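User: Can you walk me through this one? I'd like to start with the overall picture and then go residue by residue.

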Amino acid sequence: MTFNRRRSLTGLLFLAPYAISFVTFIVLPIIVAAYLSVMQFDLTAKGSIHYVGLQNFKEAWADQYFWSGIKATLSFVILMVPSMLVFALGTAIGLNAMSRGRNAVRALLFLPGLLNVAVTAILWGWFYDGTFGLFNFLLKKVGIGEVHWLSEKALAMPSIVVMTLWWTMGGTAIVLLAALQQIPRHIIEAAALDGAGKWAMFRKIVFPLLTPVLLFVVITNTIGAFQVFGQPFLLTKGGPELATRGLVQYIYETAFNNYRMGYGAAMSWMLFAIIAVFALLQYRLLRRSVA
Amino acid sequence: MKRLAEGLKNGLMTFLGLVFLSPIVLMVFTSMKPESEVLNPESAIPKHWTLGNFQHVLGWSEEAPFVRWLLNSVFVSTSTTLLVLTFSSMAAYAITRLKVPGGGVFLGIIVGAMMIPGQLFLVPVYLLLSKLHWLDTPAALIVPATAGGFGVFMLSQFMRSVPESLEEAAILDGCTTLGVFANVVLPLCGPAVATLGIFTFIGSWNDFLGPLVFMDSVRDYTLPVGIALYQASYYTQYGLTLATAVLGTVPLIIVFLLFQRYIVESMSSTGLKD
């Protein structure tokens with residue numbers, strides 16, 4: 001047996017534990033969910049499960065709440081992903097440039113990510129509160145009147161984005177910092193000896209070496225943003241006027257409040273299709289920017 | 001001039017860190033205020049310090065066995081993290097380095113599956129767990145969590161940047177595949193593995209939907225669901241609610257500080273730095 005053959009056989013053994021788990025808890029449920037999406041399966045009427053073809057998908061297409069959910073989700077994604085990327089990359093570069101206290105600051109930035117979504121929402125619900133809120137209290141001190149952070153349509157989603165940035169930025173910055181630190185120092189030193197300036201160094205050396213991890217960060221953040229649920233659900237309940245009720249919340253309410261499993265599954269598939277298109281586009285664009 | 005720029009950089013980043021910290025400090029202070037002071041932001045620091053909120057929460061009761069929830073959470077999150085790290089790192093190594101046939105395609109499928117909204121899995125996984133008779137057992141929270149693609153994707157991206165020459169040198173020195181994996185590749189990816197460990201532990205610790213749907217009896221809840229149950233009945237008492245939040249977060253902070261040190265150690269021992 002050749003060296004490479006033996007290596008890839010060992011590889012199969014290495015892959016097996018994860019692959020088995022993946023097939024059991026991801027692939028199998030996907031098949032079941034696909035089955036559900038073409039069925040009418042309402043838990044309220046017992047025993048009522050029957051084939052309805054594409055009826056669920058057609059219903060979503062004509063459902064105004066489905067579209068308002070997409071609109072709210074997209075506004076979160078568009079606000080969240082670019083600001084996260086700029087903020088986290090800037091922070092990672094800043095951390096990397098620190099000569100003292102880097103680990104302490106890294107820990108501080110990451111700390112908010114340790115809170116669970118319920119705690120985060122309770123805390124920021126108090127900050128944003130119109131009358132008792134901390135932010136309005138501080139604004140009043142400097143002579144600015146009340147701002148309705150969560151009850152004004154134009155402000156509600158940006159407020160949720162700010163809270164989410166505080167909550168999750170540290171994690172993304174840490175991944176980017178780890179990637180920055182994994183760049184072998186001798187490459188940087190060699191470039192510096194060749195007289196590369198700071199910007200040229202970043203563009204020609206750091207950025208290309210960072211691209212696999214940057215790609216990972218952009219894609220996972222986009223996927224996460226499309227699935228936003230907990231923050232608006234707990235902070236605004238999806239209001240005002242459905243401005244923050246994303247698609248996932250609508251799916252959740254359809255499946256677990258109205259017990260329409262089939263319709264919920266069908267809309268989940270549609271959300272998946274949207275996410276897949278976005279992720280694929282990002283993958284293509286970023287890959288090309290390096291090549 | 002150079003020292004000034006350096007000091008400015010350090011100062012700016014430290015300030016950013018403190019800004020991020022301040023809401024948590026406020027949370028801790030508020031949990032130590034008597035209820036009459038809680039919603040008064042005039043003084044962030046309590047006028048009358050009290051641990052009464054914590055005493056109330058930690059007092060054992062059948063309806064809210066806080067210590068029991070804490071132990072459940074520790075067990076579930078630790079087991080999940082160990083399993084995820086083992087499975088993911090082995091799979092990532094097989095895909096990126098052992099060149100398993102179809103490995104690249106498999107990675108694509110894993111990443112593709114990550115895009116599927118989580119709620120889609122909830123009902124099918126529930127049906128599956130009930131067939132396995134795993135409902136209301138810790139296995140229901142631990143085993144399905146190992147299927148997520150995040151760890152495999154992340155470690156694959158990091159393993160790609162480990163110089164292949166180091167691995168070849170170890171093989172020439174007579175190292176077995178398992179030896180290369182455990183003694184060369186894993187340590188080199190130390191920061192990434194530690195980071196994944198932190199993420200996995202936190203994700204498991206803070207998982208809300210899983211225990212809510214898969215656990216039936218109050219005794220078997222994990223902390224977040226327990227806290228939520230508690231909040232639902234004490235929501236008007238902000239001090240008590242924040243005390244549970246503080247107690248539920250402390251174990252995570254301990255784990256984070258432990259792992260954070262490991263990140264530093266592993267980086268200085270790889271020889272990649274300096």
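Analyst: First a term: contact means heavy atoms within 4.5 Å. Among contacts in chain A between residues at least 6 apart in sequence, 66% join residues at least 24 apart.

User: What are the ground rules here?

Analyst: This is a predicted model, where local features need pLDDT of at least 70, side-chain atom pairs count only at pLDDT 80 or more, and totals for chains, interfaces and linings use all residues. Residues are numbered from 1 along each chain as its sequence is written, chains are lettered from A and ligands numbered from 1 in the order in which they are written, and side-chain values use heavy atoms, with hydrogens and water left out.

User: How many helices and strands does chain A have?

Analyst: Chain A has twelve helices and two strands. Helices (H or I, at least four residues) and strands (E, at least two) are DSSP runs, numbered from the N terminus. The order along chain A is α-β-β-α-α-α-α-α-α-α-α-α-α-α.

User: And what box do its C-alpha atoms fill?

Analyst: Roughly 80 × 75 × 30 Å, along the principal axes.

User: How much of chain A is buried?

Analyst: 52% of its 291 residues. Buried means under 20% relative accessible area, exposed over 50%, partly exposed in between (1.4 Å probe, protein chains only). Chain A exposes about 13600 Å², with 68% of that supplied by carbon and sulfur atoms. Those areas come from the Shrake-Rupley method with a 1.4 Å probe; for residues, only the protein chains shown count as cover.

User: Switching to chain B. How far does α1(B) reach?

Analyst: Helix α1 of chain B covers residues 2-31 and reaches 44 Å from its first C-alpha to its last. That is close to the 44 Å expected at 1.5 Å a residue for its 30 residues. The expected span is 1.5 Å times one less than the number of residues.

User: Where is the kink in it?

Analyst: At B:Leu21, about 35°, shortly before the proline B:Pro23. The bend is the angle between axes fitted to the seven residues ending there and the seven starting there. B:Leu21 and B:Pro23 are among the buried residues of α1(B). That list also includes B:Phe20 and B:Ile24.

User: What does B:Asn206 touch?

Analyst: Not counting residues up to four places away in sequence, B:Asn206 touches A:Gly113, A:Leu114, A:Leu115, A:Asn116, B:Pro224 and B:Leu252. B:Asn206 sits in helix α10 of chain B, residues 190-206.

User: Why does B:Asn206 count as buried?

Analyst: Because its relative accessible area is 14%.

User: Back to A. Where is the cis peptide bond?

Analyst: Between A:Gly239 and A:Pro240, with omega about -10°. A:Pro240 lies in the loop between α10 and α11 of chain A. A:Leu242 is in the loop between α10 (230-235) and α11 (247-257) of chain A.

User: Is A:Leu242 buried or partly exposed?

Analyst: A:Leu242 is partly exposed, at 30% relative accessibility. Leaving aside neighbours within four places in sequence, A:Leu242 is in contact with A:Tyr65, A:Ser68 and A:Ala72.

User: Which phi does A:Tyr259 have?

Analyst: A positive phi of about 55°, although A:Tyr259 is not a glycine. A:Tyr259 lies in the loop between α11 and α12 (261-290) of chain A. At 37% relative accessibility, A:Tyr259 counts as partly exposed.

User: And B:Asp136, what phi there?

Analyst: B:Asp136 has a positive phi of about 70° and is not a glycine. Its place is the loop between α5 (119-131) and α6 (139-142) of chain B. B:Asp136 is partly exposed, with a relative accessible area of 27%.
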